[in-house]
Amino acid sequence: MMDKVQRAHIFSAFDALKGFREMLKEQERIIVPKRMLSEDDLEILNQKIHAVEKGMMVTLTYFDNGDYVKQIGRVAKISFDENYIQIVKSKIPLKSIVDIQCEELEIYDF
């Protein structure tokens with residue numbers, strides 16, 4: 001005979017509303033418009049992007065699918081031909097980036 005705890009474990013993994021929780025979470029998400037940077041901010045961001053080198057530890061803030069995302073990691077690759085920066089395994093389009101923070105860049109007067 002099973003005790004109540006063992007019996008509860010049998011049914012705990014069952015999700016009768018598979019995908020419903022994810023759908024609700026998506027409905028709760030608020031889409032925010034991408035903020036437009038001023039000409040000065042764009043120039044500073046452009047200088048920072050061109051100063052970033054492979055191997056630097058950076059904190060990127062970028063716009064992705066209605067959300068602003070902050071990602072911290074080491075630059076694996078930066079491609080101006082294909083317009084992306086790769087942080088670990090994530091390829092982030094340069095046009096999506098709104099801010100870059102990096103200790104190595106603090107020596108520059110942006």
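Helices (H or I, at least four residues) and strands (E, at least two) are taken here as DSSP runs, numbered from the N terminus. The structure is a predicted model, so local features need pLDDT of at least 70 and side-chain atom pairs count only at pLDDT 80 or more, while totals for chains, interfaces and linings use all residues. Residues are numbered from 1 along each chain as its sequence is written, and side-chain values use heavy atoms, with hydrogens and water left out.

On that basis the protein chain has three helices and five strands, which run along the sequence as α-α-α-β-β-β-β-β. Of the 110 residues, 26% are buried (under 20% relative accessible area; exposed is over 50%, partly exposed in between, with a 1.4 Å probe and protein chains only). Among contacts (heavy atoms within 4.5 Å) with a separation of 6 or more, 53% link residues 24 or more positions apart.

The strands form an open, antiparallel sheet in the order S4-S3-S2-S1-S5, where pairing takes at least two DSSP bridges between two strands. Strand S4 (90-93) and strand S5 (97-101) sit at the edges with a single partner strand each, so one side of each has no neighbour in the sheet. On average, neighbouring strands are turned by 45° against each other, direction ignored. Strands S2 (residues 67-79) and S3 (residues 84-87) pair antiparallel over four bridges, and Val75 stands opposite Ile87 in S3. Helix H3 (residues 39-51) packs on this sheet, where it touches S2 and S5, and its direction makes about 55° with that of S5; axes are lines fitted to C-alpha atoms, for helices over the stretch in contact, and angles run from 0 to 180 degrees between N-to-C directions.

Most residues other than glycine have a negative phi. Asn65, though not a glycine, has a positive phi of about 55°; this residue is found in the loop between strand S1 (57-64) and S2 and is exposed, at 57% relative accessible area. Asn83 likewise has a positive phi, near 55°, but is placed in the loop between S2 and S3 and counts as partly exposed at 46%.

As for the surface, the chain exposes about 8,800 Å², with carbon and sulfur atoms supplying 54% of it (Shrake-Rupley method, 1.4 Å probe; for residues, only the protein chains shown count as cover). Leu17, Phe20, Met23 and Leu24 make a nonpolar surface patch of about 360 Å². Patch residues have over 30% relative accessible area and no salt bridge, with nonpolar side chains (Val, Leu, Ile, Met, Phe, Trp, Tyr) joined within 5 Å and like charges within 9 Å; a salt bridge puts a side-chain nitrogen of Lys or Arg within 4 Å of a carboxyl oxygen of Asp or Glu. Leu24 lies in helix H2 (residues 20-28) and is partly exposed, at 38%.
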